[in-house]
Protein chains: 2
Amino acid sequence: MNAEIIAVGSELLLGQIVNTNARFLSQQLAGLGVDVYFHTVVGDNPDRLKKAIEIAEKRSQIIIFTGGLGPTKDDLTKETIARHLGKELAMDETALASIEDYFKRTNRVMTENNRKQALVLAGSHILPNDHGMAPGMVLEQGAHIYMLLPGPPKEMEPMFLHYGRKALSPDGDSNEKIVSRVLRFFGIGEAALETEILDLIDAQSNPTIAPLAGDGEVTLRLTAKHVDETVAGSMLDDVERKINQRVGEFLYGYDNTSLLNELTKMLKEKKLTITAAESLTGGMFQKEITSVSGASSVFNGGVVCYSNEVKHQVLRVSAETLDKFGAVSEQCALELAENAASIFGADIGISFTGVAGPDELEGKPVGTVYIGIAIKGMPTAVEKLVLAGTREANRVRAVKYGCYYLIKKLKESQNA
Amino acid sequence: MNAEIIAVGSELLLGQIVNTNARFLSQQLAGLGVDVYFHTVVGDNPDRLKKAIEIAEKRSQIIIFTGGLGPTKDDLTKETIARHLGKELAMDETALASIEDYFKRTNRVMTENNRKQALVLAGSHILPNDHGMAPGMVLEQGAHIYMLLPGPPKEMEPMFLHYGRKALSPDGDSNEKIVSRVLRFFGIGEAALETEILDLIDAQSNPTIAPLAGDGEVTLRLTAKHVDETVAGSMLDDVERKINQRVGEFLYGYDNTSLLNELTKMLKEKKLTITAAESLTGGMFQKEITSVSGASSVFNGGVVCYSNEVKHQVLRVSAETLDKFGAVSEQCALELAENAASIFGADIGISFTGVAGPDELEGKPVGTVYIGIAIKGMPTAVEKLVLAGTREANRVRAVKYGCYYLIKKLKESQNA
């Protein structure tokens with residue numbers, strides 16, 4: 001089985017929003033053993049949408065539409081598909097009742113154009129919308145399955161997970177399954193990594209090995225196909241073992257994890273608490289660590305110390321250090337990390353001070369970053385970075401390096 | 001002139017990354033007066049890429065490719081285009097020298113596969129890559145312009161801005177220009193807003209009015225076409241005036257601004273400094289305010305007070321308040337905002353305390369948020385929210401409401 005995802009919306013073609021729906025659906029379809037060969041984006045224009053449907057019908061079995069089911073004038077997806085397939089639109093009373101109920105629950109007034117959202121393709125299977133108003137639809141006709149989903153991700157994603165998946169799952173399990181695993185590396189470049197494992201990439205067609213770089217990280221996506229998912233999993237294990245013999249020292253995690261997730265997991269296991277003193281990163285490390293529910297077992301709080309006054313008065317960095325070495329210095333990073341740990345009563349203090357850009361600071365060039373790491377019972381370490389990105393990239397990169405160094409230190413202390 | 005953007009990369013079809021390049025290029029092309037009618041995503045597969053090119057040639061004048069110019073085995077874009085157009089690939093010595101220089105500067109070892117990146121389509125105009133290795137190319141052949149750009153956004157975006165735009169700009173100015181303006185609203189829903197202005201939307205075809213909702217905000221994109229950009233601008237002014245007579249009270253800004261940007265601008269104008277005490281938002285407000293260069297004129301620092309200990313010991317919230325009312329309370333928000341302002345010597349203290357989810361806290365339901373706003377010389381205000389999103393959506397929404405309330409208060413004080 002193969003599929004094409006057609007996103008409908010002029011806002012995508014004008015660059016107002018990004019097509020995250022195609023990403024979500026692609027991940028889901030891979031898990032169902034469905035190959036996605038194309039994504040298409042087309043505007044709120046019935047003629048061009050009709051042509052896109054005709055092209056998709058020639059090359060894809062499953063055609064999934066996102067967007068254009070809303071209440072406003074430019075929402076035309078189901079009208080265009082109905083005309084193209086020679087189907088009527090009919091009022092779905094369940095969907096209408098659910099829309100009316102939605103307005104009652106959220107205490108808002110229902111306007112007339114909201115009724116339009118309850119019109120569905122005659123003969124289609126309805127996918128309820130538990131997080132919004134427009135219902136989804138699935139229709140089998142000829143050699144094709146047409147699935148219509150709403151555009152807002154917070155409606156589309158749960159609808160697909162709870163109702164859409166089932167409508168696409170094969171009846172038996174005779175179909176080939178696609179199993180994917182992403183290996184995540186930090187501290188090695190894409191070409192260097194590929195050079196180390198080029199013979200493996202060349203020798204393999206199942207599983208395939210696909211490298212990808214971004215945000216200072218490199219990932220390898222391993223993808224195996226087999227009718228038996230367990231066998232596909234063992235095929236991935238085999239190739240992963242070979243890869244790790246070459247570049248395993250840079251591997252830090254799998255799939256959708258992040259350096260910060262891995263760090264948090266490690267802190268929880270070791271029952272350690274952490275605090276942060278953030279200058280150039282402005283709270284980014286702490287925002288990330290609190291983005292996961294349950295962060296309170298490892299994190300009580302910390303400080304954003306943007307100015308020298310806050311570094312001195314709140315975090316007690318000595319006036320001598322600031323005068324003699326400046327805020328962007330090894331000495332300042334060290335005092336920030338140690339003092340933060342002591343003030344917040346944490347086992348670990350991490351500090352970030354540096355020059356995010358675009359202008360230099362204290363005569364130090366853009367991209368200069370010092371990261372202080374004070375772990376109870378160990379000598380405080382300070383790492384220096386020289387980054388080459390934009391202001392925001394340097395901030396993101398600094399947080400990642402902070403996590404990377406801290407994970408390394410915690411592993412060392414474990415092995416010592 | 002119209003264009004199609006073809007992104008090449010199996011990682012997009014597997015859902016490993018999102019096609020942000022299509023968004024960036026769409027925005028840029030709109031500014032150049034080029035209509036974008038389609039986005040296509042195709043995998044690292046020469047046959048399917050060739051078919052996608054053939055379809056694009058039938059419906060689009062400019063075809064822009066992103067991705068597949070890298071050093072690895074699965075990077076096949078220029079090879080496939082060369083075969084399709086009957087062109088040779090030739091080593092570009094300038095590009096090769098630039099790649100060698102890149103490795104010297106970043107102190108890394110150049111591997112053999114990196115040389116492949118300096119191969120270019122014979123007869124094409126080269127777009128230098130100032131932030132990476134693979135050069136871009138522009139080739140005019142028959143009725144089409146083919147532009148090849150690298151996949152990583154940090155290479156592609158500056159390449160397009162500095163070199164790609166010029167290659168596409170019309171020689172004269174006889175072409176119709178598209179001028180767009182986005183009006184940003186907060187505090188009103190999409191259908192409610194559309195109902196207020198439905199007659200305007202129906203009556204207009206140039207400019208068009210397109211509503212879009214997301215993240216608690218609603219935007220209206222106004223788009224006018226005219227050979228004279230100044231006239232197009234006046235057409236937008238006219239329709240904006242009509243819209244503002246109906247819903248102007250909810251308008252907070254234009255185009256790519258954000259509530260936080262508007263707040264920062266206002267603080268700079270009024271020469272006011274701000275600090276924050278963040279519990280559920282975990283540093284998100286401070287991270288955002290420091291994402292803009294020059295934040296130091298309005299922000300010295302603040303605290304992430306995730307635990308009650310930090311609220312009490314660092315931010316001096318009284319034990320009585322925490323015992324009697326809890327951390328998620330009007331009283332706690334008030335003390336946090338006032339004490340943060342006093343400790344950090346700021347004109348304004350803002351506090352965020354609440355239940356992000358997924359579990360309730362102190363018997364208060366998920367989504368309960370208190371925002372304290374202490375402005376020097378004004379009585380401290382506390383706003384209560386009841387949000388209905390996921391953990392991360394509630395955090396984002398809380399920060400937006402904080403900015404929205406503070407902007408309102410500052411406007412009130414100005415008018416008082």
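The legends below accompany several views of a predicted model containing chains A and B.

**View 1. The fold of chain A.** Chain A contains 14 helices and 17 strands. Its C-alpha trace spans about 80 × 60 × 40 Å along the principal axes. Of the 416 residues in this chain, 48% count as buried. Among contacts in chain A with a separation of 6 or more, 64% are made by residues 24 or more positions apart.

**View 2. The domains of chain A.** The domain assignment divides chain A into domain 1 (2–168), domain 2 (177–254) and domain 3 (259–415). The C-alpha centres of domain 2 and domain 3 of chain A are 32 Å apart.

**View 3. The contact between domain 2 and domain 3 of chain A.** Here 6 residues of domain 2 of chain A are in contact with 7 residues of domain 3 of chain A. On the side of domain 2 that touches domain 3, the residues comprise 2 nonpolar, 3 polar and 1 charged.

**View 4. The interface between chain A and chain B.** In this interface, 75 residues of chain A are in contact with 74 residues of chain B. The side of chain A that touches chain B is made up of 34 nonpolar, 29 polar and 12 charged residues.

Terms used:
Residues numbered from 1 in each chain as written. Chains lettered and ligands numbered in written order. Predicted model: local features only at pLDDT ≥ 70, side-chain atom pairs only at ≥ 80, totals over all residues. Helix = DSSP H or I, 4+ residues; strand = E, 2+ residues; numbered from the N terminus. Buried ≥ 20, exposed ≤ 12 C-beta atoms within 10 Å, placed from the backbone. Contact = placed C-beta atoms within 7 Å. Nonpolar A, V, L, I, M, F, W, Y, C, P; charged D, E, K, R; others polar. Domains from an automatic or database assignment.
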